[in-house]
Amino acid sequence: MASSAELRLITNKMAAAVTRCTRDLRYAWANERYAEWLHRPVQKIIGNKIQDVLGNEAFLRLLPYFERALSGQAVEYEDNVRFSSIGERWISAIYTPTLDLQGEVDGWVAVIRDITKQKLTEASLLKREKQLAEEAQALAKLNKCSLRLWQTNRLQEGLGEMLRAVIELLGADKGNVQILNPERNVLTIACQQGFEQDFLDYFREVSAMDDSACGRALRKCEQVVIEDVEHDSGFTPHRQVVRAEGFRAVVSTPLLGRDGKVLGLLSTHFRSTHRPTDQELRRLELYVRQAADFIERCKQEEELRLSKGRYRKLSQRLDAKIRARTAELEEKTAELSQKATLLDLANDAILVRDEGGKISYWNEGAERLYGWTRAEVLGRSTSEFLDTEFSVLLTEILESDRWEGELHQYRRDGSQIIVASRWTTLRDKDGKAFAWLEINTDITARKRAEEAARKLSARILTLQDGERRRIAKGLHDSLGQYLAALKMNLDGFPCSNPKQSAVVSDCSEIAKKCLMETRTLSHLLHPPLLDEAGFDTAARWYVEGFARRSGIAVNFHLPQEFMRLHPDVEIALFRALQECLTNIHKHAGGSSVDIRMTQDAKQVRLEIADNGKGIPKDRLHHLLGGTAAAGVGIAGMRERFHELGGSLEIRSNRKGTTIIVTAPLPHGSVTLGAKLSVHAARGLKAYRLRACNGRLETQ
Ligand SMILES: Nc1ncnc2c1ncn2[C@@H]1O[C@H](COP(=O)(O)OP(=O)(O)O)[C@@H](O)[C@H]1O
Ligand SMILES: [Mg+2]
């Protein structure tokens, strides 16, 4: 066992306060550290009562530990004790009981450490930890709120969520979210919680000019906190509404877009005066940033939706258009196929040829007419099948929009046909020709019939001529001779009295008239001069008579040397002259006629021109087109000259009409009609001979 002096020596070196107390609750000794700690000199401790040194409060607090030590237990504790000299302290103490020589507990040694500093640090750490935990909790909540917001897709729903979160965050009583109308720069309430209708009506629209919390926040683009609206001059004009609504404090936070522009405002209202903590405001700021992002996202999505909607509408409209167009096309196709069926029903051959002459359409009529099937001809050239003989250049047809004319073509079986062909140019919408529609009507039979009719009519005319000639001859040679004999007898009739002689003379006069009439009639039917003296003489005789009878001036030009012609030619020319002059008298209404006769080695040409009013247009059209009934007037003449291998030409306008007829001469190089060739071969010589004899007979 160490002595007290030794113990003091050791313990004085220790950082801890050490003391020894006795059973009577007094200090037996104490080290310097203990005395320093208690702010007392060691002398004032040793031998003194614990109660006096520590003070009553501390003594009572520690007494239980003393008693435990005195009961022989080692005591170890930490406690907060209020000492009279040094005030409240945290101490950590170990009491070790001490025994006397009899082995009885006579006191204890206490080692005490002041752990106040440590305890305070611990407490502040704890507090900080608690704060952190709270903050973490709040942030977690905030995060949850944000998450909820992000999971929301609809703006309205999100605004509600936002409002709930902020009210909760700040512990507010009510609140609203306003959205800015950028065009008018006013805020309108988009979502609210806890407000009366009157308030909502009053603050329906708020502008930056307004001095309410939201007006100010909009103007400054920053958070506005009004702890007490009753003491805020800006609220003076709204005081009544605000009082009725019953709030005192308000926090308005702008929701800023990424470009820094105000999207809207989030305001929370408190029933009593209030100022949120900085922490709350910080959290609010955090949340509001997310809320702004949300609004921006919603707006973008809305825009996207709208544009999608627009696209959808557009595509729907497009779809509808396409459907309508398709329907229209189907209808058109149906119509076309119907038309095509109709085209097939048509008797005409209908075909479409493209620029290169390739066939792109070929109706059943064409199949029937040409004998080639659609499958055989489609995509191939018309020239491969039809061997068309064009009356005009093909390029000329292709250049005009419409063309009509006659074409000679061949069938599959090699037979030739004549078609009345009508061509129409098909143009695209730019006006460019891309194909030609050709409608061909088989007129072969008609043409043949016409040809036959022409031949027949020429034959009839010839027969008529013969008949006229015979009648004329009969009248002249038979009736004329009898009448001449009758007149002669009457002239030589012996009369016994003047009365008788007067009657006979009268009869002779009548016989003379009959003779003259018969002669005229016979000459008109067939001028004997024509056979006897030839066309020029007969024509001159006829023209003179015509001029006299009609009063129309006639200029007649004949070549000096006029050869006799074939009687068929002479009679044709004479009949033409007769017909033309009759027409002029009947229709022209002119005052003069020019007749010009020319003859060369190849042909004879007779031109009769009047200065009358001309042939009416429609008549002329018929006459030129040869559609007038054959055998009548001009048409008959044409047939006659056609038969002779010649021609008839009509020129007519309002100043007059000119008819030109030509007939080839047998020795000419031009081809003659078959009939004339035969005549020429075997008849012309004889005819010339007979002409020399002065008397002519028809062949
Ligand atoms: N020289 C002319 N001047 C005016 N019109 C004429 C002339 N010659 C013929 N025509 C017209 O042409 C038509 C056909 O003549 P034509 O064939 O001789 O028949 P027709 O004399 O029997 O009427 C006439 O009806 C008349 O209208
Ligand atoms: Mg006539």
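Predicted model: local features only at pLDDT ≥ 70, side-chain atom pairs only at ≥ 80, totals over all residues.
Local features require pLDDT of at least 70 and side-chain atom pairs pLDDT 80 or more, while totals for chains, interfaces and linings use all residues. Residues are numbered from 1 along each chain as its sequence is written, and chains are lettered from A and ligands numbered from 1 in the order in which they are written.

The protein contains 22 helices and 21 strands (DSSP runs numbered from the N terminus; helices are H or I of at least four residues, strands E of at least two). Its radius of gyration is 72 Å, well over the 27 Å of the globule rule for 699 residues, so the protein is more spread out than a compact globule. The radius is taken over C-alpha atoms, and the rule is 2.2 Å times the number of residues to the power 0.38. Along the principal axes, the C-alpha atoms fill a box of roughly 235 × 65 × 40 Å.

Helix 5 (residues 116-151) and helix 6 (residues 155-170) have axes that come within 9 Å and cross at roughly 170°. Axes are lines fitted to C-alpha atoms over the stretch in contact, with angles from 0 to 180 degrees between N-to-C directions. Helix 5 is therefore roughly antiparallel to helix 6 (angles over 145 degrees). Leu142, Cys145, Arg148 and Leu149 of helix 5 meet Gly158, Glu161, Met162, Ala165 and Leu169 of helix 6 (contact: C-beta atoms, placed from the backbone, within 7 Å).

Ligand 1 is surrounded by 17 residues (C-beta atom, placed from the backbone, within 6 Å). The closest are Asn583, His587, Ala588, Gly633 and Ile634. Helix 18 (567-588) and helix 20 (633-643) are the elements giving two or more residues to this shell. Helix 18 gives the most, with 6 residues.

Definitions and conventions: Parallel < 35°, antiparallel > 145°, perpendicular 65-115°, else oblique. Contact = placed C-beta atoms within 7 Å.
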